[in-house]
Amino acid sequence: VHQYIKSIHHEIFPTSQNFIDTFEKISYHMDYPEAGPGVFSQYMVSKLASSYVKVVLGGQGGDEIFGGYTRYAVAYLEQAIKGAIFETAEEGKHLVTLQSIIPNMPQLKNYIPLIKEQFKEGLFGPMDERYYRIINRTHNVDIIYNKDFLKSFDSRQLLDKFKQVFNTPNTKSYFNKMTYFDLKTLLPALLHVEDRVSMAVSIESRVPILDYRIIELVSKMPPTMKFAGGKTKAILLKTVKNLLPKEIFERKDKMGFPTPINKWLANDLKEYALDILTSQKSKQRGYFN
């Protein structure tokens with residue numbers, strides 16, 4: 001893209017040592033617990049940007065508005081199989097059929113572990129419980145946390161709260177329910193990261209895709225336009241088809257903002273992480289097993 005539009009391009013390759021050097025600073029600026037290591041990558045990119053500019057444009061909101069998360073395609077793979085087997089159409093005209101979703105299946109190559117986990121139990125259950133299973137991150141909490149701390153954790157209550165939000169829209173559309181939930185709950189967490197890390201390095205980050213006029217326009221579009229055949233960001237791609245090179249427009253290996261935390265924790269970060277988590281102060285807090 002940079003070559004195509006002739007922009008000035010910068011790259012950064014953060015290391016595990018960068019993670020150690022910035023961990024306390026990032027924790028301080030975030031102020032709240034953060035649900036993923038992507039905040040580190042975002043901080044490093046923001047820091048690099050601050051060397052050149054004072055205001056940046058970010059793409060936050062694009063996935064929630066236009067349906068860009070691959071988990072939507074995972075959810076619809078199950079729905080399409082369910083509809084084909086039971087000859088049902090829970091969503092009527094909104095249903096993505098097995099025939100229509102097959103051409104878009106290569107986008108799931110990097111998500112095989114998620115698909116295996118999703119199909120392991122509860123297959124073809126209610127929409128809300130199936131999407132909750134996709135986004136639920138509380139697996140193995142009984143191994144991670146100690147029993148006294150877990151007494152305050154009610155998984156049933158968590159599911160009930162999820163259902164309240166997920167089922168708020170008066171619609172049969174699975175896609176609309178998923179994007180609504182993400183827009184109301186997960187996007188604010190991402191904006192929290194966007195705001196905090198940009199402020200930490202003294203730059204201003206603006207998110208033009210979240211202009212209320214864009215949101216209102218896209219929210220009025222039927223799911224068949226936004227998610228035709230299970231194609232993520234279908235309407236957005238159609239809009240920019242003549243603005244992007246073919247290699248980008250047809251790309252199937254796009255990922256989010258991956259940070260190799262698992263790899264680092266098994267190697268370079270192992271001693272650092274254990275030093276924090278097994279310290280006397282950490283044990284006294286009574287959270288971890």
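This is a predicted model: local features need pLDDT of at least 70, side-chain atom pairs count only at pLDDT 80 or more; totals for chains, interfaces and linings use all residues.
Buried would require under 20%. Phe 124 sits in the loop between helix H7 (112-118) and H8. Its phi is near 65°, a positive value in a residue other than glycine.

Lys 6 also has a positive phi without being glycine; the value is near 60°. Lys 6 lies in the loop that runs between helix H1 (2-5) and helix H2 (16-30). Its relative accessible area is 74%. Exposed means over 50%, so Lys 6 counts as exposed.

## How H5 packs on H8

Two packed helices are described by the angle between their axes and the distance between the axes. For helix H5 (residues 70-86) and helix H8 (residues 127-135), the angle is about 140° and the axes are 11 Å apart. H5 is therefore oblique to H8. Roughly antiparallel would need an angle over 145 degrees. The crossing of H5 past H8 is right-handed.

Which residues make the contact? H5 contributes Arg 71, Tyr 72, Val 74, Ala 75, Glu 78 and Gln 79. H8 contributes Met 127, Arg 130, Tyr 131, Ile 134 and Ile 135. By class, the contact of H5 with H8 holds seven nonpolar residues, three charged and one polar.

## The nonpolar cores

The largest nonpolar core has 25 residues. Those with the most contacts inside this core are Tyr 72, Tyr 76, Tyr 131, Phe 162, Phe 166, Tyr 174 and Met 178. Four helices each supply at least two of its residues: H5, H8, helix H11 (155-166) and helix H12 (174-200). H5 gives the largest share, seven residues.

Tyr 72 of H5 takes part in the contact with H8. Tyr 72 is also listed among the residues with the most contacts inside the largest core. What does Tyr 72 contact, leaving aside its neighbours within four places in sequence? Its partners include the aromatic residues Tyr 131, Phe 175 and Phe 227. Met 178 is another partner.

Tyr 131 belongs to the H8 side of the helix contact, and it is one of the residues with the most contacts inside the largest core.

Conventions: Residues are numbered from 1 along each chain as its sequence is written. Side-chain values use heavy atoms; hydrogens and water are left out. Axes are lines fitted to C-alpha atoms, for helices over the stretch in contact, and angles run from 0 to 180 degrees between N-to-C directions. Angles under 35 degrees count as roughly parallel, over 145 as roughly antiparallel, 65 to 115 as roughly perpendicular and the rest as oblique. A crossing is left-handed if the near helix is turned anticlockwise from the far one by less than a right angle, and right-handed if clockwise. Contact means heavy atoms within 4.5 Å. Ala, Val, Leu, Ile, Met, Phe, Trp, Tyr, Cys and Pro count as nonpolar, Asp, Glu, Lys and Arg as charged, and the others, Gly among them, as polar. A nonpolar core is a set of buried Ala, Val, Leu, Ile, Met, Phe, Trp, Tyr and Cys residues joined through side-chain atoms within 4.5 Å. Buried means under 20% relative accessible area, exposed over 50%, partly exposed in between (1.4 Å probe, protein chains only).
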